[in-house]
Amino acid sequence: MSNQRQPKPTLTGQRFKTRKRDEKEKFDPSQFQESIVQGLNDSGTDLEAVAKFLDASGAKLDYRRYAETLFDILVAGGMLAPGGTLSDDMTCTEFCLFKAQEDMETMLAYAQVFHKLIRRYKYLEKGFEEEIKKLLLFLKGFTESERNKLAMLTGILLANGSISASILSSLFNENLVKEGVSACFAVKVFKTWLAEKDINSVAGSLRKVGMDNRLMELFPANKRSCEHFSKYFTDAGLKEISDFARNQQSIGARKELQKELQDQMARGDPLKDVSPHSFVELIKTRKVQTRPEPMV
């Protein structure tokens, strides 16, 4: 009997079936848009029907993959090209935010549609915030009325916690700031936000994401002063925001003085070289007792 190993038999011409879930599905936002637009057209102006349609469609359509397309349609009526213009080669709907009435009642109703959708499909939260950031960068491509509606919607969504105040970072875009679009839009956002919540709530949301010290960036560098900011927002009827920004500026300046004094003392600088103003501010902040404690 030979000890030499016999080669194992091999299969030739064998075909392997690929399971459906292993096949890479082609990205086709146009077909998704057709489905959403058809549903919105059937629902019409009945926003309750729109909310029910979106809720049910999430089980059949791939919201996770086409989140940007979904939100483009709900806001502008169709997919947006870079810059904020609608794509011409696709069917759009008239039943969207930009075609709605420009009043608070209508905007509250639309905000409720978004709120219900995101609450139902939690995975859309991040995509929705990215959508709002993108829309803010496209502001120059929208009409004044469209900007107003978007500002009102943004203010309501900030107030009800559907989005984070971090989305406001898009307003610091150089081109938007330079042309005054950022400050004008921010005024409308804050007016709506304060109509829903008080200044303490607004301030808390801004602080949570580090936006409390960045409001001056809504203006070009040559106008980035407390005085200009204060006048602009006070004249717009937003003295609460003006006072808040002034207070934040004061706190920031105080922290800088504290750091300067601490650095001087850490270096062992002679007391005569230590800034008297810094020393006074440090005492105020730390509430250092300047009187000797009473003898027991």
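Visitor: What is the volume of the second largest cavity?
Guide: In this predicted model, the second largest cavity has a volume of about 50 Å³.

Visitor: What makes the lining of the second largest cavity nonpolar?
Guide: The lining consists of Leu 168, Leu 171, Phe 172, Ala 186, Phe 190, Met 211, Leu 215 and Leu 218. Ala, Leu, Met and Phe count as nonpolar, and the lining accordingly divides into eight nonpolar, no polar and no charged residues.

Visitor: Which residues line the largest cavity, and how are they classed?
Guide: Leu 40, Gly 44, Thr 45, Leu 47, Val 50, Leu 74, Phe 95, Tyr 110, Val 113 and Phe 114 form its lining. Gly counts as polar, and the tally is eight nonpolar, two polar and no charged residues.

Visitor: Which helix gives the most to the lining of the largest cavity?
Guide: H4 does, with three residues. Helix H2 (47-57) and helix H4 (104-120) each supply at least two.

Visitor: Why is H4 called oblique to H6?
Guide: The axes of H4 and helix H6 (residues 144-159) come within 9 Å and cross at roughly 60°. Roughly parallel would require an angle under 35 degrees, and roughly perpendicular begins at 65; H4 is therefore oblique to H6. The crossing is right-handed.

Visitor: What is the make-up, by class, of the contact of H4 with H6?
Guide: Met 104, Met 107, Leu 108, Tyr 110, Ala 111 and Phe 114 in H4 meet Lys 149, Met 152, Leu 153, Ile 156 and Leu 157 in H6. By class, the contact has 10 nonpolar, no polar and one charged residues. Lys counts as charged.

Technical notes
Residues are numbered from 1 along each chain as its sequence is written. This is a predicted model: local features need pLDDT of at least 70, side-chain atom pairs count only at pLDDT 80 or more; totals for chains, interfaces and linings use all residues. Side-chain values use heavy atoms; hydrogens and water are left out. On a 1 Å grid over the protein atoms alone, a cavity is a set of points where a 1.4 Å probe fits but cannot get out, and a pocket is an open set with protein on both sides within 12 Å along at least five of seven lines; lining residues have an atom within 4 Å of a point. Helices (H or I, at least four residues) and strands (E, at least two) are DSSP runs, numbered from the N terminus. Grid points are joined across faces, edges and corners, and a volume is the space filled by probe spheres set on the points. Axes are lines fitted to C-alpha atoms, for helices over the stretch in contact, and angles run from 0 to 180 degrees between N-to-C directions. Angles under 35 degrees count as roughly parallel, over 145 as roughly antiparallel, 65 to 115 as roughly perpendicular and the rest as oblique. A crossing is left-handed if the near helix is turned anticlockwise from the far one by less than a right angle, and right-handed if clockwise. Contact means heavy atoms within 4.5 Å.
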